[in-house]
Every structure is written in C-alpha cells, then in structure tokens.
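Hello,

Here is the structure I promised to pass on to you. Please open it beside this email, and I will walk you through what turned up.

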Amino acid sequence: MVSEGIQTSQTAPIEMTHDTSPSSAQPNVLQRLADALSDTMDSQAPYRIGGIISEVMPTHFRVEGMSRFLKIGDCVEIDAPYGEEIGEIVRVDARSASVKSLQQKISTRIGDAAWKRGPLTIRPAPSWKGRVVDALGCAIDNGPTLEQGPRSIPLDRAPPRPLHRQRIDSPLKTGIRVIDLFTPLCAGQRIGIFSGSGVGKSSLLTMLARSTEFDTVVVALVGERGREVREFLETAVAKNRQNTVAVVSTSDESSMKRRLAPKTAMTIAEYFRDAGDNVLLIVDSITRFAHAARDVGLASGEPPIARGYTPSVFSELPNLLERAGAGEEGSGSITGVFSVLVDGDDHNDPIADSIRGTIDGHIVLERSIAQQGRFPAVDVLSSVSRLADKAWTPEQRTLIPKLRGLIARFEETREIRAIAGHRKGEDAELDQAVELVPRVLEALQQTPDDQASSDAFQELANALTPKRPEAPPKAR
C-alpha cells in the first residue's frame with residue numbers, strides 16, 4: 001500500500017518491508033518512507049509529495065496528507081481553477097498544515113491538490129542591475145527576459161558569522177549636510193530613518209539614493225502606493241538607474257509578498273556584496289514588513305503580545321536587519337538604510353523601539369520642524385550615529401557636541417525669548433546660541449533639487465563666517 005500524499009513517476013511499486021516481530025524497535029513504515037523521501041527529494045528523485053486542501057479561510061487555507069514531509073518556510077503549489085497558486089507553510093500539526101497564499105485573493109477550493117516545492121529561492125545575476133523585480137524575483141519592468149544566475153539562493157539566510165565580519169571604519173559622504181555633520185555614516189552601517197507620515201521621509205531617501213559612493217544600489221519599496229513607484233524610480237535613482245535593482249511590492253499586494261520583498265532585496269544585496277561590491281540597501285519601509293509579518297503570525301495562530309504584534313515579528317526583525325552590514329573578510333559591505341514609520345508620531349512604539357535597539361544609529365524626523373518649513377526635518381538632538389567617531393576627525397569630535405549644546409540651549413529657551421525674557425549680555429552662552437544657531441539651521445536646509453554637498457564642514461564654516469562689509473569705492 002502506498003501512503004496518501006505521495007506520488008511516484010516510477011511504474012514499479014515501492015517495496016516496503018518491516019519486521020513484524022513484537023521485539024522490533026524499528027520505526028514504522030510511514031516514518032521510514034518519509035525519511036527516505038526527505039533525503040532524496042533534493043537529488044531529483046522521481047517523487048512528488050502532495051496533499052488535499054481541506055479548509056479555506058479568507059486569510060489562509062489548510063492542507064491534509066503531507067504534514068510529516070513539511071517544515072515552516074516550505075512552499076506548496078496549488079492546482080487552482082485559474083492557474084497555479086503558491087503558498088508558504090506557516091504552521092504544521094500532525095493532521096494538517098496551514099498555508100498562507102502569496103496571492104491577495106485565495107482562489108483555491110476544498111479538494112484541490114497541493115504539492116510540496118521547498119523554500120523560495122532566487123538566482124540573481126550581474127545583469128539584474130537596472131531592472132525592477134517583484135517579491136519573487138520576477139521582472140515587472142517590461143524589459144527583456146531576466147537572466148538567471150548560476151545558483152539558487154534561499155530568501156531566508158543566516159547573517160555573516162560575527163567573528164568573521166570585517167570591522168567598519170570607512171566613512172561615507174552622503175551629500176546631505178545635516179547627516180554628514182551630525183550623524184555621519186560608514187560603509188557597512190545600518191541606520192534607521194524614523195518618521196511619521198508626511199514629514200519628508202521619501203525626500204530624504206531620494207537624496208540618499210543619489211549618492212555616488214556605492215557600486216550597487218538595491219531599493220525595496222514595501223507597501224508603497226502604486227503611483228509612487230515610478231516616480232521614485234524616475235527621480236530618486238534616475239542617475240544611478242544602471243546600477244540599481246528595485247524590488248517592488250505595493251500596498252495592494254498580499255501580506256506574504258510584502259513580507260518577502262525586503263528578504264528578496266536583502267538576498268540580492270548579499271549577492272553583490274559577496275561579489276565584492278559596496279552596496280547601498282534602502283528599505284521603505286521596514287514597518288510595513290513588520291505589519292505583514294504580524295498578519296502571517298496571526299494567521300498561524302500566534303497570540304498578539306504588543307499592540308497586536310505577534311512574537312515572531314520581534315524575532316524576524318533582527319534576523320533580517322543583521323544580514324545587512326559588513327561582510328566577511330574578502331567581500332564587500334551592505335550599508336542599510338531602513339525607513340521606520342512611527343504610528344501616531346510615537347517614536348517609542350514597539351516596532352520602532354525594537355529596530356532602534358538593533359541598528360547602528362537613527363535619524364529622527366520631527367513634524368514640528370517640518371511645519372517650520374525646514375527640510376530635511378531632522379531633529380539633530382534626537383538623532384544618533386553609533387559609528388560617528390569613526391567618521392569624525394579629532395577637531396570635528398570637539399566641534400559637533402558644542403554645536404549640539406548651542407542648538408539645545410536655543411530650543412529650550414524658545415518660549416522665554418518669545419516673551420522677551422532674555423536680554424543680551426545676561427547669558428554669554430545663550431547670546432552665542434541666539435547669534436549662531438539660526439545660521440546653522442539655515443545652512444542645514446537642503447532639498448532634492450539642490451546640489452549635493454561636497455564638504456559639509458567647510459560649507460558650514462562658510463555660513464558661520466561673518467561677511468565683511470564691502471569697501472566703499474575710492475574717490476577719483
């Protein structure tokens with residue numbers, strides 16, 4: 001008798017023998033057959049493992065007859081009425097497995113067949129530069145057929161080994177004055193841009209994507225509006241388009257694809273990093289990845305523990321973020337820029353707090369600064385780069401804390417000065433702050449249409465240097 005859920009393309013029956021003596025301690029026939037099939041599936045054995053859909057729900061469906069052959073993260077193919085459908089295993093029990101479809105609309109029916117196909121993989125190649133792909137690594141830019149690389153790479157991978165990673169010590173120039181001055185970046189650093197909606201996050205990402213310090217740029221647009229995708233590609237990365245790979249999963253796509261898109265982008269970035277490239281990875285936004293992971297966790301039966309987020313969300317975030325950064329000796333690096341949408345401008349919500357504790361710095365955009373018409377709306381007092389000391393010279397390490405102190409004094413006395421509570425000469429430090437800080441804040445203003453900064457410290461020094469009055473013309 002052949003077990004349910006197993007097909008073989010061989011014409012000869014599968015021979016199964018077992019010891020029927022009471023003293024036999026060998027595993028039963030089904031277990032031995034499952035072990036044999038698991039060992040041979042990767043060697044192109046002529047077997048196909050399948051099951052039957054027994055339950056369909058709006059968020060997921062269940063498959064019976066193949067549980068012993070599945071593990072979390074495996075995918076199944078479904079012979080759906082309107083074509084092939086792919087789903088990912090999110091829960092397995094003794095009788096059935098819960099499957100989350102990669103399609104937004106589930107079209108399967110009870111009784112449809114489902115077949116195991118293993119974990120999702122992609123095959124990046126150098127020719128992927130300049131292309132736009134979806135979360136599954138399929139081209140969506142109406143270009144030529146996407147070339148496939150020589151090896152398949154799984155979307156879920158382990159980060160580089162900690163003790164084999166290169167040290168981070170190479171400063172980068174982003175061309176954005178406020179970042180190069182107060183939160184400088186290094187090659188291989190991971191930094192987050194924390195912002196509410198409509199505070200200038202996309203504009204800042206546009207300016208970062210134009211940097212010429214990188215060999216390859218990988219952009220993941222996760223949960224974005226459809227109209228913004230083309231706009232971002234034709235403005236933000238237009239100059240570097242030939243070196244950019246874009247991974248797109250818009251807000252109308254399923255939570256499974258929105259969860260996969262950052263992993264696909266990370267896998268592509270790792271491919272170019274391993275080839276020796278200095279890679280810039282931009283994920284906009286990592287919060288929507290967390291939202292999608294929450295949907296998957298709830299569908300698998302996990303309990304919500306913090307504002308509706310499931311425990312797996314807080315394990316998936318560091319697993320993904322740790323894959324960016326410096327590679328092992330002899331490879332390149334991935335400089336990761338992750339935008340974080342803070343719900344209700346609460347910078348201490350669970351997702352923002354978890355990400356901030358994992359990455360190497362954070363840039364905070366404040367709505368109050370944007371409302372003053374100052375862009376980028378970076379709050380330099382709340383923004384930190386944990387690798388700034390590797391980018392600053394000794395003189396700059398002394399200058400920047402002094403500037404921060406003046407800005408802090410200027411901001412905390414704003415209401416006092418508004419009611420004329422300060423008189424010049426009473427507080428020398430405040431007098432200096434009142435004189436210099438407005439000029440500093442004006443010098444930090446920059447838009448995507450402005451030319452990139454070549455030397456932020458020199459430009460700031462020029463802005464703070466008093467202009468000498470022009471000499472009157474000499475009398476003839």
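Strand β14 (residues 216-224) is mostly covered, with nine of its nine residues buried. Strands and helices here are DSSP runs, numbered from the N terminus, where a strand (E) has at least two residues and a helix (H or I) at least four. Buried means under 20% relative accessible area, exposed means over 50%, and partly exposed lies in between (1.4 Å probe, protein chains only).

Before going further, a word on the source: this is a predicted model, in which local features need pLDDT of at least 70 and side-chain atom pairs count only at pLDDT 80 or more, while totals for chains, interfaces and linings use all residues. Residues are numbered from 1 along each chain as its sequence is written, and side-chain values use heavy atoms, with hydrogens and water left out.

Back to β14. The strand pairs in the parallel sense with β16 (residues 278-284) over six bridges, and T216 has V279 as its bridge partner there. β14 also pairs in the parallel sense with β15 (residues 244-250), over seven bridges; on that side E224 stands opposite T250. Two strands count as paired if DSSP finds at least two bridges between them. Together, β14, helix α4 (residues 226-235) and β15 make a right-handed β-α-β unit. Right-handed means that, with the strands pointing away from the viewer, the path from the first strand over the helix to the second runs clockwise.

Next, the charged pairs. The structure holds 32 salt bridges, each being a side-chain nitrogen of Lys or Arg within 4 Å of a carboxyl oxygen of Asp or Glu. One of them joins D93 to R62, with the closest N and O atoms 2.8 Å apart. That pair links distant parts of the chain, 31 residues apart: D93 is in the loop between β5 (83-92) and β6 (96-101), and R62 is in strand β3 (residues 61-64). D93 counts as partly exposed because its relative accessible area is 30%, whereas R62 counts as buried because its value is 15%.

E270 and R157 form another salt bridge (3.2 Å, N to O). This pair also links distant parts of the chain, 113 residues apart, with E270 in helix α5 (residues 255-274) and R157 in the loop between β10 (153-154) and β11 (171-172). E270 is buried, at 1% relative accessibility, while R157 is partly exposed at 28%.

R227 and E228 meet in a salt bridge as well (3.8 Å, N to O). R227 is exposed at 56% relative accessibility, and E228 is buried at 17%. Salt bridges that share partners also join E88, D156, R259, K263 and E316 into one network.

D349 is buried yet has no salt bridge, and the nearest side chain of opposite charge, R307, is 5.2 Å away. For charge, Lys and Arg count as positive and Asp and Glu as negative; His and the chain ends are not counted. Leaving out residues up to four places away in sequence, D349 touches R307, V342 and D343, where contact means heavy atoms within 4.5 Å.

Finally, the cysteines. The structure holds zero disulfides, a disulfide being a pair of cysteine sulfur atoms within 2.5 Å. C75 counts as buried, at 0% relative accessibility, and C186 is buried at 0% too.

Best wishes
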